[in-house]
Amino acid sequence: MVVVAAAARGELSVARGFESKAVADQQEAAQEKRKTVEPQPARRRTLELARVDVQRRLKTAGSDSYKEMLKRTLAALDKELAELP
């Protein structure tokens, strides 16, 4: 009964270790969420910028082997862009 009355008056608090652990758990969960979910618009924009860069390099490329590598890169970027929603 004393514990309930003390809790009602706000006199009880959680031990520091438990508060710290709860905050650490919340921060870890938020960080994991950010790692696993990359916003699609940001991913699309990154791929589009990479594609523009590869096209620019392809226009100025001198070596045939370098041009071929850039064409394969361009095809891979196009494929990945097509797979995005």
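Which helix holds Leu70? In this predicted model, Leu70 sits in helix α4, which covers residues 64–83. The helix runs to 20 residues and reaches 29 Å from its first C-alpha to its last, close to the 28 Å expected at 1.5 Å a residue.

Leu70 comes out at 2% relative accessibility, so it counts as buried, the cut-off being under 20%. Buried along with Leu70 in α4 are Leu74, Leu77 and Leu81. These residues cover an arc of only 65 degrees around the axis, so they end up on the same side of α4. What the buried residues of α4 pack against is α3 (40–60). Turned away from that buried side is a face with exposed residues, namely Asp64, Ser65, Arg72, Lys79, Ala82 and Glu83.

Setting aside neighbours within four places in sequence, Leu70 touches Val54, Arg57, Leu58 and Ala61, all by the contact criterion. As for Arg51, its C-alpha lies 9.9 Å from that of Leu70, with the two residues 19 apart along the chain.

Conventions:
Residues numbered from 1 in each chain as written. Predicted model: local features only at pLDDT ≥ 70, side-chain atom pairs only at ≥ 80, totals over all residues. Heavy atoms only, no water. Helix = DSSP H or I, 4+ residues; strand = E, 2+ residues; numbered from the N terminus. Buried < 20%, exposed > 50% of the residue type's maximum accessible area, 1.4 Å probe, protein only. Contact = heavy atoms within 4.5 Å. Expected span 1.5 Å × (residues − 1). Arc of directions from axis to C-beta.
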